[in-house]
Amino acid sequence: MPLVLEPPEADKGDIESLLLGLKANKDWFEQLIITNSAVLLRGFDVKNPQDFNEIVETFGWEDIRYVGPAPRTHIYKRVWTANEGPLSEFIYYHHEMVLIKESPKKLMLFCEVPPPEGGETPIVPSFRVTERMVEEFPEAVEEMEAKGLKYTFTALSKNDTSSMRGRGWEDAFGTSDPEEAEKRAKALGMDMEWLPNGGVKTILGPRPLTRVFEGRKGRRMWFNTVVGMHGKELSSATMADGTELPEKVVKRCGQIIEEESIQFQWEKGDVLFLDNLALLHGRRPSKPPRRVLVATCK
Ligand SMILES: [Fe+2]
């Protein structure tokens, strides 16, 4: 993983040939993503956000707007920057928008500038995490599953690009009207509590621990963000009834995720398709420059 697709011949790597090939084989390609969880186009002449956008649009998959704490900038049509938080920080493993009612099915990433060192995008087969957690902590897993989970996350009053979770609430909800922000939060399945410092605490739950999605071999995906949000400065994770999660279970889960991770190293022009329902992904600390762009689809 990922499955790598390269031009069949050296002179067939141009963007027009690629677009023609993808267009003629849309369903086959989509099935490849589901079967393999990750598919990489490498060695094609994908140069810029415009080329990447054409690839994204070729499939006709509906766009899904990003909601979450990461600072991101719109680049071109369906294309956004990936998390603009400091490159020196590790972005913890997650399914994209895992806490939102409708998570994207597919995540498409394009490497415009590969990092000189570090900056890998590690990927983790989510079902493996569930399997190993059930093996080691059958009772805790069952309890968390039965009760469900509750998360809180605090959005700042204003954007702070020095933090990878530094999206202010106005940007996070796409409005500067607090009432409208509350309405949008409700629609996404969140409750809100305004804080005296102008920030807002969002409360989400109950949410499941694992999920099984159609067409993914009945695998139980570790579709939660317990390790990423438990006991952090701006976030928390508990069982839905308020019971604390056992510290050692969360800690061990973090180790298992790390052990199961596959290190993906970027090359210039790479286009990576991830099955967001089956894989967790993250970002390792990187030396600058590094520019990876993203599009999310239903
Ligand atoms: Fe992500």
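Helices (H or I, at least four residues) and strands (E, at least two) are DSSP runs here, numbered from the N terminus. This is a predicted model, where local features need pLDDT of at least 70, side-chain atom pairs count only at pLDDT 80 or more, and totals for chains, interfaces and linings use all residues. Residues are numbered from 1 along each chain as its sequence is written.

**View 1. The annotated span, residues 11-295.** The unreviewed UniProt entry puts "domain: TauD/TfdA-like" here; UniProt positions are in the numbering used here, feature names are shortened, and annotations may be inferred rather than shown by experiment.

**View 2. Strand 2 (residues 38-41) and its partners.** Strands pair if DSSP finds at least two bridges between them. Strand 1 (residues 3-5) runs parallel to strand 2, joined by three bridges, with L5 opposite L41. Strand 14 (residues 271-275) runs antiparallel to strand 2, with four bridges, and L272 is the bridge partner of L40.

**View 3. Side chains of strand 2.** A38 and L40 point one way, V39 and L41 the other, and all are buried (20 or more other C-beta atoms within 10 Å of a residue's own; exposed is 12 or fewer, partly exposed in between; C-beta atoms are placed from the backbone).

**View 4. D63 in its loop.** Look between helix 3 (49-58) and strand 3 (74-76) for D63. D63 counts as partly exposed because 14 other C-beta atoms lie within 10 Å. Leaving out residues up to four places away in sequence, D63 touches R78 and C297 (contact: C-beta atoms, placed from the backbone, within 7 Å).

Methods. Contact = placed C-beta atoms within 7 Å.
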